[in-house]
Amino acid sequence: MLYRAAVVLAGDGIPVADGAVRVEGERIAAVGPAAELPPLPGEEVRDLGPQVLSPGFINAHCHLDYSRMRGLLPGQRFVRWIESINALKRSFSDDDYLEAIAYGFTLLQQGGTTTVANIESFPELLPRLGPPPIRAWWFLELTDLRQRVPQDEYYFGMLSFFQERTDWLGGFGLSPHSPYTASLDLYHLAKRCSEEYGMPFTTHIAESLEEQEMFLYGQGPLYEMMHKLGRDTSDCGQGSPLSHLVENGLLTPRCLAVHLNYLQEYDWPLLVASGASVVHCPKSHAYFGYAPFELERMQGEGINLCLATDSLASNTSLDLRAEARAAIAAHPGLTDADAWRMITRNPARALGQAGRLGEISPGALADLVAFPFLPHGDPFASLLESAGRPGLLVVNGQALSVP
């Protein structure tokens with residue numbers, strides 16, 4: 001199959017005017033000017049016309065389980081939100097969650113997402129799911145706030161499940177929820193599995209002021225909530241949530257560290273040295289009214305920074321274009337091209353998929369999206385400012401019919 005478009009964003013985002021992309025099977029075979037890629041004998045050609053053809057977008061942090069919660073949790077302080085979402089979760093059935101996951105996948109496709117890093121809070125639902133319509137990394141959420149988790153049972157059960165589902169695109173990993181809900185044992189499990197099996201892991205870190213207060217000073221509403229739930233709080237009052245993990249050797253280049261909204265000055269060299277990727281969720285960030293995110297400093301420190309949606313329990317959409325626009329509005333120095341990389345190449349690198357996803361290059365997997373090329377002539381702005389469904393969505397070489 002040969003795709004032609006007004007502009008193709010090749011490699012690291014090199015605009016190729018009147019470009020073409022050849023797809024053979026599930027991979028990209030060639031990319032360049034259409035004049036230099038004439039159709040092969042018998043090759044099907046699809047001319048997209050005035051569109052920008054980009055690698056498919058990659059959502060580096062999402063909770064598809066919560067895709068039916070939009071508007072049900074009005075903005076409120078973090079601890080109160082935790083109490084509200086936990087009560088709401090108990091009111092949903094397994095069928096409700098399965099419907100939510102399917103709905104979430106639909107929303108992702110409508111926004112041009114071809115890969116999602118999904119936190120799965122209810123692994124018992126997985127056997128009832130069919131192959132996902134797009135590429136998905138399923139991160140099993142781990143908490144042991146109320147009881148210790150049988151570590152081997154969790155890991156090997158998940159490993160065997162995915163080994164038997166070779167038609168599921170993507171991968172899997174572990175997600176110790178956060179330093180305040182997951183023990184160091186669970187973090188060590190995630191790190192060990194990541195190292196032994198080459199898979200990523202992810203966790204929420206330093207999301208709220210309440211989390212900072214808990215770890216820095218051993219006090220505050222989150223500290224009180226965790227203490228009442230039986231959490232051992234002897235690790236509180238000794239440093240930041242990030243330093244708590246780093247000092248135990250638990251942040252690595254395979255980690256997707258989500259949020260990092262509140263950092264101490266001493267956290268910065270620890271974060272940089274860890275090599276972890278950072279995932280920022282601009283609209284969820286605004287929902288909670290957090291302090292300005294230090295995006296510019298992240299960029300200056302050379303941190304691999306990704307944008308993501310989080311869930312519809314703290315957002316109004318699962319559209320990465322909206323996240324990019326929100327990030328640019330909050331950080332005027334952020335270019336459209338940089339924001340585009342934060343939803344393509346950067347998350348591909350975070351997932352250990354550099355050279356395979358997030359770029360249109362020979363040998364990369366053929367995950368593509370196209371949106372109209374706007375009159376102002378900037379292909380990156382055209383993508384991020386577009387509205388509506390994509391003109392083309394390709395996953396693993398197969399064009400999808402977007403719902």
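1. A residue counts as buried when its relative accessible area is under 20%, as exposed when that area is over 50%, and as partly exposed in between. The points below apply this scale to a predicted model, with attention to its salt bridges and to one pair of helices.

2. On that scale, D367 and R135 are both buried. Their side chains form a salt bridge in which the closest N and O atoms are 2.9 Å apart. The pair links distant parts of the chain: D367 belongs to the loop between α13 (345–350) and β14 (368–372), while R135 lies in strand β8 (residues 135–142), 232 residues apart.

3. A salt bridge also joins R341 to D12, with an N to O distance of 3.1 Å. R341 is part of helix α12 (residues 336–341) and D12 sits in the loop between β1 (2–10) and β2 (14–24), so this pair ties together parts that are 329 residues apart in sequence. D12 has a relative accessible area of 37% and is therefore partly exposed, whereas D367 and R135 are buried.

4. The R341 and D12 pair should be read together with its surroundings. D12, D338, R341, R345 and E359 are linked in a network of salt bridges.

5. Which residue forms a salt bridge with R80? The partner is E83, and the closest N and O atoms of the two are 3.4 Å apart. Both residues lie in helix α1 (residues 78–90), with a separation of 3 residues, about one turn of the helix. R80 is partly exposed, with a relative accessible area of 48%. E83, at 38%, is likewise partly exposed.

6. Turning to helix packing, the axes of α5 (residues 209–217) and α6 (residues 221–228) come within 7 Å and cross at roughly 70 degrees. On the α5 side the contact is made by E210, E211, E213 and M214, and on the α6 side by P221, L222, Y223 and M226. By class, the residues of this contact divide into 5 nonpolar, no polar and 3 charged.

Key. Residues numbered from 1 in each chain as written. Predicted model: local features only at pLDDT ≥ 70, side-chain atom pairs only at ≥ 80, totals over all residues. Heavy atoms only, no water. Axes fitted to C-alpha atoms, helices over the stretch in contact; angles between N-to-C directions. Helix = DSSP H or I, 4+ residues; strand = E, 2+ residues; numbered from the N terminus. Contact = heavy atoms within 4.5 Å. Nonpolar A, V, L, I, M, F, W, Y, C, P; charged D, E, K, R; others polar. Salt bridge = Lys/Arg side-chain N within 4 Å of Asp/Glu carboxyl O. Buried < 20%, exposed > 50% of the residue type's maximum accessible area, 1.4 Å probe, protein only.
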